[in-house]
Amino acid sequence: MKSGLLCAAITAVSCAWAAPAVIEPGAVWLDTQGRPINAHGGGLLHDRGIYYWYGEVKQGRTYLPKVNQAWGGTRVIAGGISCYSSADLGAWKNEGIVLPSVADDPDHDLACENVIERPKVIYNARTKKFVMWFHQDSPNYAAARSGVAVSDLPTGPFTYVGSFRPNAGKRPLNGTERNVADGSNEALVRDLSGGQMARDMTLFADDDGKAYHFYASEDNQTMHVSELSDDYLQPAGRYARIFVGRFMEAPAVFKRGGKYYLIASGCTGWEPNAARSAVADNILGPWTELGNPCRGAGAELTFSGQSTYVLPIAGQPGRFVAIFDQWNKWDLEDSRYVWLPLTLDNDGQPLIEWQSRWTLSPGR
Ligand code: DGJ
């Protein structure tokens, strides 16, 4: 439902000081022009007092592709990557499509028949560039590649650099030999020379300037965490296999008290499943699973959502927002957003509780 009373879902009263945003998970969220926000599988960036929200543009008719999909089900034509900006996390200005798809060249990586998903943007202080990574794929999700684009400004336009399968010719820091015997790393070994499969992904920029790419690899069976080069444009060649054989998707990573935390999903296409969480002292592992972080009614199916990002609130250490997509597989354009507070209990367990309406102050 795009119309009706539910439309006024995310609002902020504009004053000299930033009023808290009112968040209604799962309702239609409108931008400052009154149009539904179209930024799915997204990620946020905080830069000089402004939050930027990047996401997949899902527009038009949802269809079942004729190609035999490795993963997926329904599709829309890829609309590129959108950007919205906000000072208060409530009033979102549409900054337009910052990386468009390509309509007239089916062989282009960004062809609208292809898959462009889960964009994440981080800032590189050395090069002074905003660097975007996303999941680039063929219509049947078989290519499983990483796309990279750069911009001088957070609002783009982003220049497409290219796509690749990460870590071609590189062996992981862990797991190669040990798992050969039981076949659990068959896909890893198969892809050692050509590069590892990379589907659902996120980026994490650490406080020491290093950045990492988490991606669902090895036919989605196992996740990889891969250090990026100093300019963040390619893998540095050091990567580890994590959650071996656990079929995790939708990774979102944050850091608190020197520990790294991950929220993710299982692997069930657009259908929701129980969220996962994990913790590590070293970002390259080992990671320890902590179970489903969601609590309350609907927790067993992640409130019908799938993780995409965890936002640290600027200037408010320890305050995080867990961000999920609520996919509508029969009308992907009408997929919704679920933002909920994320806390860590005294044992370091991430907790996310359902709230149908809550207020969020943006920090500084
Ligand atoms: C689940 C993934 O998390 C989404 O990003 C998308 O690729 C769908 N699968 C496609 O079915």
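Mentor: Strands here are DSSP runs of at least two residues marked E, numbered from the N terminus. The model is a predicted one.

Trainee: Which strand gives the most to the lining of the second largest pocket?

Mentor: The second largest pocket has a volume of about 290 Å³. Among the 22 residues that line it, Pro 36, Ile 37, Asn 38, Tyr 84 and Glu 333 are the closest to its centre. Strands E4 (78–86), E5 (93–99) and E21 (336–344) each supply at least two lining residues. The most, 3 residues, come from E5.

Trainee: How many residues in the lining of the largest pocket are nonpolar?

Mentor: The largest pocket holds about 640 Å³ of space. Its lining has 24 residues, and Leu 45, His 46, Ala 205, Tyr 309 and Pro 312 lie nearest the centre. By class, 2 of the lining residues are polar and 5 are charged, while the nonpolar ones number 17.

Trainee: Which residue of E17 stands opposite Val 279?

Mentor: E16 pairs with strand E15 in the antiparallel sense over 5 bridges, and there Val 279 is the bridge partner of Tyr 261. E16 also runs antiparallel to E17, joined by 2 bridges. In E17, the residue opposite Val 279 is Thr 288.

Conventions. Residues are numbered from 1 along each chain as its sequence is written. This is a predicted model: local features need pLDDT of at least 70, side-chain atom pairs count only at pLDDT 80 or more; totals for chains, interfaces and linings use all residues. Side-chain values use heavy atoms; hydrogens and water are left out. On a 1 Å grid over the protein atoms alone, a cavity is a set of points where a 1.4 Å probe fits but cannot get out, and a pocket is an open set with protein on both sides within 12 Å along at least five of seven lines; lining residues have an atom within 4 Å of a point. Grid points are joined across faces, edges and corners, and a volume is the space filled by probe spheres set on the points. Ala, Val, Leu, Ile, Met, Phe, Trp, Tyr, Cys and Pro count as nonpolar, Asp, Glu, Lys and Arg as charged, and the others, Gly among them, as polar. Helices (H or I, at least four residues) and strands (E, at least two) are DSSP runs, numbered from the N terminus. Two strands pair if DSSP finds at least two bridges between them.
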